[in-house]
Amino acid sequence: MKFGVVVFPGSNCDQDCAEVLRDVLRQPVVTLWHQETSLRGCDAIVLPGGFSYGDYLRTGAIAKFSPIMGAISRFARDGGLVIGICNGFQILVEAGLLPGALLRNVGLRFICRFVTLRVERADTPFTNRFRPGQAVRLPIAHNEGRYTVDAKTLPAIQPQVVFRYCDAEGRITDDANPNGSMDAIAGLTNRAGNVLGMMPHPERASEEALGSTDGRLVFESMLEAYAHA
Amino acid sequence: MKVKVCITLKPGLLDAQGKTIKGALESLGFKGVADVRMDKYLEIELNGAHAAASAKKEVERMCQKLLANPVVETYRIELG
């Protein structure tokens, strides 16, 4: 399964994503510069973390106009798998490929630590290797992770929520919510389920040496989904 | 021609920075601060001469397309 990792000016997690996909998952990977207009036959697209365009104006606000986003929009519309991690998630909401917005953390601090997530849906192309309700540990590293959506849309998107911040026992509590995200939403898909955005970094939890391999299951799920497509 | 744009968080959304500034003011002894909202202010200098209406319309399109995030922000435009 060929993965394309998009690189914007200011992306800084592209190498980590590419290395995990290539060396841990052992899949072909290419990096796609933001100005390219072809996805080069990739079967899945990764929008990695970082600070595209320095987060100027708003995180992801300018990246959404990069030339490659046209091809990615069409790919997503046609059912292609797209995963946006951290800044990638921010770009996807700005581009309208996912609902909502990501605002400044309520505590106004950049938070860089492990969190526990509860897997809300184990039937998506990104979570089929998890069990529903499973508590997993992934690291976050962000300043603008507060998932926000208007009051009318919040109930409508609940079926799309894939990960929620939780405590070690899998309970959704205020203390377990690092950034004030509505309904503790850490990651969700679009309605069709082929586009995922998540603030935590699965690529930083794919190797034993980094403290958790729970993140690897996200990529393994994508392989599983692709194999049975 | 100069156009001034103010981009604000929609009411009802927590403005974490504004809240923090309010706390800082209070700890400095300023009583009676009910609320603080912090906005973004841009000054856009347009080339050449523009009729007011067309300048405003042009900057409105800028706001809708890039400058403001319609999910969480609104904007005000002031000419000159």
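**Notebook: chain B, its sheet, and a look at chain A**

I started with contact range: in chain B, 64% of the contacts with a separation of 6 or more are between residues 24 or more positions apart. Contact here means C-beta atoms, placed from the backbone, within 7 Å.

Housekeeping: this is a predicted model, where local features need pLDDT of at least 70, side-chain atom pairs count only at pLDDT 80 or more, and totals for chains, interfaces and linings use all residues. Residues are numbered from 1 along each chain as its sequence is written, while chains are lettered from A and ligands numbered from 1 in the order in which they are written.

**Chain B, overall**

I looked up the secondary structure of chain B and got two helices and three strands, running β-α-β-α-β from the N terminus. Helices (H or I, at least four residues) and strands (E, at least two) are DSSP runs, numbered from the N terminus.

Next I checked the dimensions. Chain B has a radius of gyration of 16 Å, whereas a compact globule of 80 residues would be near 12 Å; the radius is taken over C-alpha atoms, and the globule rule is 2.2 Å times the number of residues to the power 0.38. Along the principal axes, its C-alpha atoms fill a box of roughly 50 × 25 × 15 Å.

I then looked at burial, and 10% of the 80 residues of chain B count as buried. The cut-offs: buried is 20 or more other C-beta atoms within 10 Å of the residue's own, exposed is 12 or fewer, and partly exposed is in between, with C-beta atoms placed from the backbone.

**The sheet in chain B**

I traced an open sheet of three strands, S2-S1-S3, with antiparallel pairing. Two strands pair if DSSP finds at least two bridges between them. At the edges sit S2 (40–45) and S3 (73–79) of chain B, each pairing on one side only. I get an average twist of 20° from one strand to the next.

Helix H2 (residues 52–67) of chain B packs on this sheet and touches S1, S2 and S3 of chain B, with its direction at about 155° to that of S3(B). Axes are lines fitted to C-alpha atoms, for helices over the stretch in contact, and angles run from 0 to 180 degrees between N-to-C directions.

I also counted bridges: six join S1 (residues 2–9) of chain B to S2(B). One pair I noted is B:Lys2 with B:Glu45 in S2(B).

**Where B meets A**

I found nine residues of chain B in contact with eleven of chain A. Helix H1 (residues 16–27) of chain B gives the largest share of the B side, three residues. By class, that side has six nonpolar, three polar and no charged residues. Nonpolar covers Ala, Val, Leu, Ile, Met, Phe, Trp, Tyr, Cys and Pro; charged covers Asp, Glu, Lys and Arg; the others, Gly among them, are polar.

**Over to chain A**

I checked helix H3 (residues 87–94) of chain A, and eight of its eight residues are buried. They pack against strands S3 (44–47), S4 (81–85), S5 (101–103) and S11 (195–198) of chain A. After H3(A) comes A:Gly96, with a positive phi near 80°.

Last, A:His228, in the segment after helix H5 (216–227) of chain A. It counts as exposed because it has 8 C-beta neighbours inside 10 Å.

Note on methods
Two residues are in contact if their C-beta atoms, placed from the backbone, lie within 7 Å.
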